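Dear colleague,

I am passing on the structure we spoke about, and I would be glad if you could look it over alongside the notes below.

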Amino acid sequence: GRVTAVSTRCSVMSLRRVLLWTLLFCSITLLTAAAATVIPDPVPVALGVVSLTGLVLMWRHVSLRLKAKNRTLWGLLNQFLALRLVTWLGKRQRAKLEKDTLDIQQVQEETLLRRLRQNGNTLYGRQYGFSSIKDSGEFRRRHPVTVYDHYRESVERVAAGEENVLTKEKPLILAMTSGTSGSSNMLLSTKDTSTDFFLQGVRVCVDAMRKAFPSSVSLQRTLKLFYSPTVRHSEGGIPIRPNSSTPSSSKHLLYLYTTPAPAFQVLNEKDALYLHLLFALKDRHVGTIEANFCSTVFYAFRALEERWEELVNDIECGRLSTSLELDGGVRLALEKLLEPDPSRAAELRSQFSDGFQGVALRVWPHLHLVLTVDSGSNQIYGELLRQHYCKDLPFYSPFYAATEGLIGVNLWPLQESRRYLLCPRSMFCEFLPEESLDSEEINTLLMHQVEEGKNYELVITNAAGLYRYRIGDIIKVVGFHNQCPVVEFLYRRGQMLSVRGEKVTEALFLGALKKAVALWPGAKLLDYCCAESGILGDSSGGAQPHYQVFLELKGIRNLTEEQRYKLDCCLQADSAVYRSFRIKGSIGPMRVQLVSQGAFEELKGHMTSSNISSSNTFKMQRVIRRKEYADFLLGKTVS
C-alpha cells in the first residue's frame with residue numbers, strides 16, 4: 001500500500017512538473033513575442049505580466065483539482081478548459097433565466113410566437129395559419145388540444161423523406177418514446193431541441209451543481225453509464241433511435257469519462273456494462289457517477305456485486321475476460337490500455353470481501369456525487385442506492401425532460417424533494433386541471449394562471465412540431481420562483497390503476513406497498529409492477545376485476561396469505577375510493593406474487609428488445625398494459 005501511494009504521488013508530481021514547464025514555456029514565448037513587436041515598451045511588459053499571471057492562476061486551478069493518475073497532459077488541459085467554459089456559460093445562462101422568471105407571461109408569448117413564425121410556412125403551419133397568429137389567445141382558439149394520433153400521419157410522411165411537413169428544419173433523428181404509458185411512439189427531434197437542452201438545461205444545472213457541490217467541479221473523471229443504442233433508418237434515411245445522449249453524440253466529451261472510446265463500439269449491453277465497471281474500478285479517483293436514470297446505476301451495482309471477482313482478476317492480470325464477446329479489433333485496442341495492477345486488485349478484493357454496504361465510497365474514496373434522475377418511476381432505485389450501495393453519497397436529479405424536450409431544471413440540488421423550475425423559453429406550456437382530465441370541454445391555464453398546491457396535466461408546444469400536445473405527465477405546482485412555477489412530477493396518466501374508475505396513482509400505490517413491506521419481517525423491496533386483471537384473461541385467477549402485483553423481494557422467499565393481504569389493507573387505508581369498491585365487492589382482493597431474483601432485469605431486456613429503446617431512456621412500467629409482459633412475469637413467479 002505504501003509503495004502504491006508513493007508511486008501515485010510520484011506520477012502525479014511528474015505530471016504536474018510537465019504541466020508546469022509547459023505553462024512556463026508558453027509564458028516565456030508570449031513574453032518574447034510581445035517584446036519583439038513595435039508596440040511601445042510598457043505595453044509588452046504589461047501583456048507579459050497579465051499572461052504570466054493568467055497562466056499561474058490556471059496552473060493553480062489545475063494543481064488543486066488534479067487528483068487522478070494516468071491522465072495525459074492534453075486530456076487534463078481539455079478538461080480544465082471545458083470546465084472553465086461551461087462554468088462561465090452556466091453563470092450567464094442562470095442570469096438570463098432569473099431575468100426571464102420576472103415576466104413569465106411575456107417570455108411565454110415570445111417563446112410561442114418564435115415557434116409559430118419558425119414553422120409558419122410548413123404544411124402544418126399553413127393549415128392552421130401560424131403566420132397570422134398574433135398572440136397565445138388566438139393560437140388557443142384556432143388550434144385544438146392534441147394527442148399523438150393527431151400527428152401520426154404527418155410523422156410517417158416525414159419518415160418517408162418529405163420535408164417541410166411539421167418543422168422547417170429537417171429532424172436530426174426520429175426519436176422513440178420510452179413507452180412507459182403504452183406503445184412507443186415516434187417523434188421528431190430537431191437541432192433546436194438539442195440546443196435548448198444544452199443552453200437552458202445543461203448549462204443551468206452545471207451552475208447549480210457547482211454551487212451545491214463545489215468539489216464535483218474537478219479534474220476527476222466520471223463513470224458515465226450510457227450505451228450505444230441500436231439504430232435503424234427510416235425510408236427517408238433519417239436515423240431512428242431514442243432521444244438521449246449516446247457515445248456517438250458525445251465523442252468530443254469522451255476524455256471526461258473513465259470508459260475508453262473503443263468500449264463504446266460494444267453493442268451488447270451486458271459486455272458494455274462490464275467494460276464500464278472494469279475501467280472505472282481501475283481509477284480509484286473517480287469523482288462522479290452519471291446516468292440518465294437511477295435504474296441504470298442500480299443495475300450496474302447489482303452487476304458489480306455479481307461479477308466483482310472476475311473484474312478484479314482482470315485488473316490484477318491486465319487482461320480482458322474471455323467471457324466477453326468482443327470484436328477482435330476492439331479487444332486488442334482495449335487490452336493495450338490495460339496493465340497488470342496487483343496493488344489496486346488487492347485493495348478492491350479487500351473492499352468487496354467486506355460486503356457491498358456503502359461500497360461506492362469504499363472503492364472510490366474521492367467520489368463526490370451521483371448525477372441521475374431519481375424521481376417518478378426511478379424513485380425506488382434511488383432509495384435502494386442511498387440505503388445500500390451509495391450510502392452517504394449525495395444525489396442530484398438535474399432535469400425534468402422527456403422525448404418531447406426539456407421541461408424543467410432542478411435549481412435546488414440539496415433539497416430532498418425533487419422540484420423543477422419550468423424552463424420558460426424551452427416550451428410554451430399550458431395546464432389542464434387534474435379534475436378536468438376526462439372532460440369533453442378542455443380549458444387550459446397558462447403559466448401565470450396556475451395555483452400553488454394544484455395538480456395539472458402538462459400540454460406543450462415544442463420546437464419539434466408538437467402543438468398543444470398532451471404529454472400525459474401529471475405535475476403538482478409546489479411554489480413559484482419569482483413568477484415561474486416550480487413543479488413536482490406526480491405520475492403518468494397511463495400509469496394509473498383503474499379497474500372500476502378508482503384511479504390509483506403510481507405514488508399512491510408505492511406508498512401503500514412500502515407500508516406493507518415494512519410489515520413483512522426481513523423483507524426488502526427491490527422492484528415491482530402491477531397489471532389490471534383484464535389483460536391477463538383466464539390466468540388472472542379471480543372473478544372480480546383486481547390488481548395482479550409482481551414483487552421482487554430480498555430477505556424472504558415466501559409470504560403467507562395473511563402477509564399478502566396486508567398490501568390490500570394498506571391501499572384501502574390510503575385510498576377511500578379503493579376501499580369503497582372493495583367493501584362493495586366491485587373490486588376483488590389483490591393477487592400478490594413473488595418473482596425470482598433478477599426477473600425485472602430480464603423483463604427490462606425483453607422490453608427494450610421489443611422496440612427501438614435502450615437502457616439510456618428505459619423507465620420501468622409500474623402498470624404494465626401488454627399481456628406478453630404480464631405472462632413473462634407469471635413465468636418467473638416463485639411464490
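Predicted model: local features only at pLDDT ≥ 70, side-chain atom pairs only at ≥ 80, totals over all residues.

Residues are numbered from 1 along each chain as its sequence is written, and side-chain values use heavy atoms, with hydrogens and water left out.

Salt bridges

Taking a salt bridge as a side-chain nitrogen of Lys or Arg within 4 Å of a carboxyl oxygen of Asp or Glu, the count comes to 38. One of them joins Glu290 to Lys224, with the closest N and O atoms 3.5 Å apart; because Glu290 belongs to strand S6 (residues 288–293) and Lys224 to strand S3 (residues 222–224), this pair ties together parts that are 66 residues apart in sequence. Helices (H or I, at least four residues) and strands (E, at least two) are DSSP runs, numbered from the N terminus. Lys224 is buried, at 5% relative accessibility, where buried means under 20% relative accessible area, exposed over 50% and partly exposed in between, with a 1.4 Å probe and protein chains only.

Lys514 and Glu383 form a further salt bridge, at 2.6 Å from N to O, and it links helix H15 (residues 506–518), which holds Lys514, with helix H14 (residues 379–387), which holds Glu383, 131 residues apart. Both residues are partly exposed, Lys514 at 31% and Glu383 at 23%.

In the salt bridge between Glu430 and Arg468, the closest N and O atoms are 2.7 Å apart. Here both partners are buried, Glu430 with a relative accessible area of 0% and Arg468 at 5%. Salt bridges also link Arg94, Glu98, Asp207, Arg210 and Lys211 in a network.

The sheet

Three strands make an open sheet of mixed pairing in the order S17-S18-S19, two strands being paired if DSSP finds at least two bridges between them. Its edge strands, S17 (524–532) and S19 (591–594), each pair on one side only. S17 and strand S18 (residues 547–554) run antiparallel and are joined by eight bridges; among the residues involved, Cys530 has Val549 in S18 as its bridge partner.
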